[in-house]
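Reader: I am new to this structure and would like to go through it with you. Could we begin with the charged contacts and then move to other topics?

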Amino acid sequence: MMQYRTLGRTGLRVSEIALGCEGLVLQDDAFAEGLFRAALDAGVNCMDLYSPNPDVQRRVGKAIRAQRADFILQGHLCAIWQDGQYKATRDPQEVETAFEAMLRNLDTPYVDIGMIHYVDSPALWRQIAEGPVMAYARAQQAAGRIRYLGASSHNPEAALAAAESGLIDVLMFSVNPCYDLLPGDEDCENLWRADSYAGTLSNMDPAREKLYETCQRLGVGITVMKAFGGGDLLDGRLSPAGKALTPVQCIHYALTRPAVACVMAGARSVDELRSSLAYEGATDDERDYAAAFAGFPRIRWEGHCMYCGHCAPCPKGIDVATVTKFLNLARAQGMVPETVREHYAALAHHAGACVSCGACEKRCPFHVPAVENMRQAAALFGD
Ligand code: SF4
Ligand code: SF4
């Protein structure tokens with residue numbers, strides 16, 4: 001049975017397993033209806049909606065309409081839809097236009113959590129906190145169109161500054177057992193030796209440890225993104241740990257960090273959703289990740305695509321995240337599966353159109369060699 005947790009000082013009660021929205025992209029209405037039916041039947045009462053894609057927003061609005069008052073919707077400010085693509089912005093007029101469009105598409109007068117999207121440096125946080133974006137967000141909150149404010153980030157220093165500011169009640173943060181070992185901007189190569197993982201997690205990046213503990217102390221509730229590292233942690237060939245974890249182990253890891261209230265589990269199928277929902281009925285042995293950690297070979301996270309989409313927009317319209325996902329799927333299987341070939345063919349723009357401008361790489365928080373990936377995808381898929 002689904003368990004519910006209090007989301008920090010908001011007092012909101014959220015299901016431990018919540019929905020991410022990326023699985024709804026590249027899908028249709030029928031898929032969304034089926035996914036939501038399975039989620040709602042299992043007691044899911046919360047979701048993250050970072051996507052500014054109007055089709056995705058409309059599908060979500062339709063799916064939760066009957067239980068809107070009981071459903072906790074985390075919508076994002078600063079993610080906009082431009083020329084058919086996602087784009088992060090800090091322009092106040094663009095932020096306002098996109099927020100209005102989101103409420104309209106959802107057909108709802110409010111979102112429960114208004115996330116200021118993708119704040120990945122302390123300097124950017126300061127700029128936002130002192131500038132027009134925060135002023136706009138607070139005005140929307142005062143008008144009852146946002147119940148609680150939050151920020152999403154992959155960077156522990158930026159997230160800590162946001163949490164300590166008193167301006168946000170919720171933090172959306174990337175939490176998984178590999179990423180948590182990354183030492184921010186320090187070179188902690190030695191901390192990634194296999195024998196470091198026998199027993200405890202005492203060598204977790206201190207900045208991340210401090211972040212989680214500070215959030216717990218201040219009552220800033222954490223909603224988790226990238227609990228599966230974009231799916232890579234579930235595949236021994238792709239996992240930066242060199243060993244696969246199960247969805248249940250990843251979820252348990254995230255839910256056992258201080259301040260964490262729920263995991264926003266992405267699902268590209270009802271079966272994938274069910275593999276996350278299985279957490280609720282899992283035994284202690286199934287949840288136990290410590291034994292798996294002890295067997296981890298040397299790990300490295302940098303350079304692995306999380307499929308986060310922050311590299312958009314591309315001047316050639318290439319959806320770099322999706323192309324990379326198809327490329328990795330093919331690499332993992334050592335061949336191009338027919339379904340992957342079909343999905344790739346259906347993309348509006350193919351990797352072969354890449355002009356190597358490098359804009360995507362500059363925006364990638366994980367230093368993924370996106371240009372080289374586009375070159376390899378074009379060669380592999382022949383376009
Ligand atoms: S390097 Fe290629 S994929 Fe990346 S932004 Fe430029 S054209 Fe697009
Ligand atoms: S290339 Fe980088 S920014 Fe783009 S989806 Fe992958 S991890 Fe995210």
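**Salt bridges and beyond**

Author: Twelve is the count to start from: a search of the whole structure finds 12 salt bridges. Please keep in mind that this is a predicted model.

Reader: Which residue forms a salt bridge with Arg5?

Author: The partner of Arg5 is Glu16, and their closest N and O atoms are 3.2 Å apart. Arg5 belongs to strand S1 (residues 4–6), while Glu16 sits in the loop between strand S2 (13–15) and strand S3 (17–19). The two residues are 11 residues apart, and the pair links distant parts of the chain.

Reader: Is Glu16 buried or exposed?

Author: Glu16 is buried, since its relative accessible area is 8% and the cut-off for buried is under 20%. Arg5, in contrast, counts as partly exposed at 22% relative accessibility.

Reader: And what does Arg59 pair with?

Author: Arg59 forms a salt bridge with Asp29, with 2.8 Å between the closest N and O atoms. Because Arg59 lies in helix H2 and Asp29 in helix H1 (residues 29–41), this pair ties together parts that are 30 residues apart in sequence. Arg59 counts as buried at 13% relative accessibility, whereas Asp29 is partly exposed with a relative accessible area of 41%.

Reader: Where are Arg145 and Glu100, the pair that links distant parts of the chain?

Author: Glu100 is in helix H3 (residues 92–106), and Arg145 is in the loop between helix H5 (132–142) and strand S9 (146–153).

Reader: Which residues are linked in a network of salt bridges?

Author: Arg68, Asp112 and Arg147 are linked in such a network. Arg68 lies in the loop between H2 and S5 and is buried, with a relative accessible area of 12%.

Reader: What does Arg68 touch, leaving aside residues up to four places away in sequence?

Author: Arg68 touches Leu73, Thr108, Tyr110, Val111 and Asp112. Of these, Val111 is 43 residues from Arg68 along the chain, and their C-alpha atoms are separated by 9.9 Å.

Reader: Changing topic, which residues touch the most other members of the largest nonpolar core?

Author: They are Leu24, Met47, Val60, Leu77, Ile116 and Ile222, in a core of 75 residues. A second, separate core has 19 residues, including Cys311, Phe326, Leu347 and Ala370. In soluble globular proteins, nonpolar side chains tend to be buried together.

Reader: What does Val60 touch?

Author: Not counting residues up to four places away in sequence, Val60 touches Leu24, Phe36, Met47, Leu49, Leu73 and Leu106.

Reader: How many bridges join S4 to strand S5?

Author: Four bridges join S4 to S5 (residues 72–77), and the two strands run parallel. Cys46 has Ile72 as its bridge partner in S5. Between the strands the chain passes through helix H2 (residues 54–64), and this β-α-β crossover is right-handed.

Reader: Now the backbone: what is the phi of Cys78?

Author: Phi of Cys78 is near 85 degrees, a positive value in a residue other than glycine. Cys78 is in the loop between S5 and strand S6 (79–82) and counts as buried at 1% relative accessibility. Ala259 also has a positive phi, near 75 degrees. Ala259 is found in the loop between helix H8 (247–255) and strand S12 (260–265), and is buried with a relative accessible area of 14%.

Reader: Which peptide bond is cis?

Author: The bond from Ala312 to Pro313 is cis, with omega near 0 degrees. Pro313 is placed in the loop between helix H11 (290–294) and helix H12 (320–333).

Reader: Last point: where is the pLDDT below 50?

Author: For the protein, the average pLDDT is 88, and 89% of the residues score at least 70. Over residues 185–202 the pLDDT is below 50, and this stretch has 29 contacts in the model beyond near neighbours in sequence. Where pLDDT is low, the predicted coordinates should not be read in detail.

How values were computed: Residues numbered from 1 in each chain as written. Chains lettered and ligands numbered in written order. Predicted model: local features only at pLDDT ≥ 70, side-chain atom pairs only at ≥ 80, totals over all residues. Heavy atoms only, no water. pLDDT = per-residue confidence, 0-100. Contact = heavy atoms within 4.5 Å. Core = buried A, V, L, I, M, F, W, Y, C linked by side-chain atoms within 4.5 Å. Buried < 20%, exposed > 50% of the residue type's maximum accessible area, 1.4 Å probe, protein only. Pairing = 2+ DSSP bridges. Right-handed = clockwise from strand over helix to strand, strands pointing away. Salt bridge = Lys/Arg side-chain N within 4 Å of Asp/Glu carboxyl O.
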